[in-house]
Amino acid sequence: MSSTRIETLVDEVQAAFDYRPDEIEDGLETNEADVLQLRKSCRLLAGAETLLEQGFYTLVIEASFVAIERVVEFKLLEGGVEPRNLPGTHPGVYTEAARRGILSGHVADSLQDLWRNHRAKTYYQDGLAARERAEKLYELASETHEYVVNQSAKKHECICE
């Protein structure tokens, strides 16, 4: 592998993202920004469940955190927030969710703490992914998903099984 090959691959990847793809992931065919975030959350949970069964705990932890954010963003968008106005930080998503009554202040604060203290540590530092941690976080993500979706007039758009 050479830096020239990496440069070529970077260019190829950039080109792949520069146009609308033909083969879109199942369930993500929508023009509605809120529904897209909801369905991304659904797909992340489905993937996390599969990866949990296979022992990929780091990926389960990452996907579970992201699934929580996507479903909260879904509800923010459904509530009238424009996509360009979504909070630009992970903690900001939870702060806005509490402000709008999607989550309680306590839950929002706890999710911020979990993200700050455990997601970042597991992903970037010396935190170790383990089965129990992955299972608990996946359970939290699934429960949060269901709770938020049940507040929605668009719960029929959820593609979770």
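Reader: Which residues of α2 meet which residues of α6 here?

Author: In this predicted model, Leu38, Ser41, Cys42, Leu45, Ala48, Glu49 and Leu52 in α2 meet a set in α6 made up of Arg131, Ala134, Glu135, Tyr138, Ala141, Ser142, His145 and Val149. Sorted by class, the residues of that contact are 9 nonpolar, 3 polar and 3 charged.

Reader: And at what angle do α2 and α6 pack, and how far apart are the axes?

Author: The angle is about 155 degrees, and the axes of α2 and α6 lie 11 Å apart. Angles over 145 degrees count as roughly antiparallel, and that makes α2 roughly antiparallel to α6. As for the hand, α2 and α6 cross in a left-handed way.

Reader: OK, what about α2 with α3, how do their axes cross?

Author: Helix α2 covers residues 33–53 and helix α3 covers residues 57–78, and their axes come within 8 Å of each other while crossing at roughly 160 degrees. The two helices, α2 and α3, are therefore roughly antiparallel to each other, and their crossing is left-handed.

Reader: How do the residues of that α2 and α3 contact divide by class?

Author: The contact of α2 with α3 comprises 17 nonpolar, 3 polar and 5 charged residues.

Reader: Then α3 and α6: are they roughly parallel or antiparallel?

Author: For this pair the axes cross at roughly 15 degrees and come within 9 Å, and α3 and α6 are therefore roughly parallel to each other. The crossing in which α3 passes α6 is left-handed.

Reader: Which side chains would I be looking at if I zoomed in on α3 and α6?

Author: On the α3 side the contact residues are Tyr57, Val60, Ile61, Ser64, Phe65, Ile68, Val71 and Lys75, and on the α6 side they are Arg131, Arg133, Ala134, Leu137, Tyr138, Leu140, Ala141, Thr144, His145, Val148 and Val149. By class, the contact of α3 with α6 holds 13 nonpolar, 3 polar and 3 charged residues.

Reader: Let me pick Val148 out of that list. Is it buried or exposed?

Author: Val148 counts as buried, because its relative accessibility is 0%. The residue sits in helix α6, which runs over residues 131–149.

Reader: What is Val148 in contact with, leaving aside its sequence neighbours?

Author: Once the neighbours within four places in sequence are set aside, Val148 is in contact with Val71, Lys75, Ile102 and Leu103.

Reader: Switching to charges now. How many salt bridges does the count come to?

Author: The count comes to 12 salt bridges. One of them joins the side chains of Lys154 and Glu32, with a distance of 2.7 Å from N to O. That pair links distant parts of the chain, since Lys154 is in the segment after α6 and Glu32 is in the loop between α1 (3–17) and α2, 122 residues apart.

Reader: What else does Lys154 form a salt bridge with?

Author: Lys154 also forms a salt bridge with Asp34, where the closest N and O atoms are 2.8 Å apart. This pair again links distant parts of the chain, with Lys154 in the segment after α6 and Asp34 in helix α2, 120 residues apart.

Reader: Where does Arg84 come in, and which residue is its salt-bridge partner?

Author: Arg84 forms a salt bridge with Glu82, and the closest N and O atoms of the pair are 3.7 Å apart. Arg84 counts as exposed at 68% relative accessibility, while Glu82 is partly exposed with a relative accessible area of 38%. Going back to Glu32, Asp34 and Lys154, salt bridges that share partners join these three residues into one network.

Reader: Last one, Glu157: where is it found, and what is it in contact with?

Author: Glu157 is found in the segment after α6, and Glu157 is buried, with a relative accessible area of 16%. Leaving aside neighbours within four places in sequence, Glu157 is in contact with Val35, Leu38 and Arg39.

Conventions:
Residues are numbered from 1 along each chain as its sequence is written. This is a predicted model: local features need pLDDT of at least 70, side-chain atom pairs count only at pLDDT 80 or more; totals for chains, interfaces and linings use all residues. Side-chain values use heavy atoms; hydrogens and water are left out. Axes are lines fitted to C-alpha atoms, for helices over the stretch in contact, and angles run from 0 to 180 degrees between N-to-C directions. Helices (H or I, at least four residues) and strands (E, at least two) are DSSP runs, numbered from the N terminus. Angles under 35 degrees count as roughly parallel, over 145 as roughly antiparallel, 65 to 115 as roughly perpendicular and the rest as oblique. A crossing is left-handed if the near helix is turned anticlockwise from the far one by less than a right angle, and right-handed if clockwise. Ala, Val, Leu, Ile, Met, Phe, Trp, Tyr, Cys and Pro count as nonpolar, Asp, Glu, Lys and Arg as charged, and the others, Gly among them, as polar. Buried means under 20% relative accessible area, exposed over 50%, partly exposed in between (1.4 Å probe, protein chains only). Contact means heavy atoms within 4.5 Å. A salt bridge is a side-chain nitrogen of Lys or Arg within 4 Å of a carboxyl oxygen of Asp or Glu.
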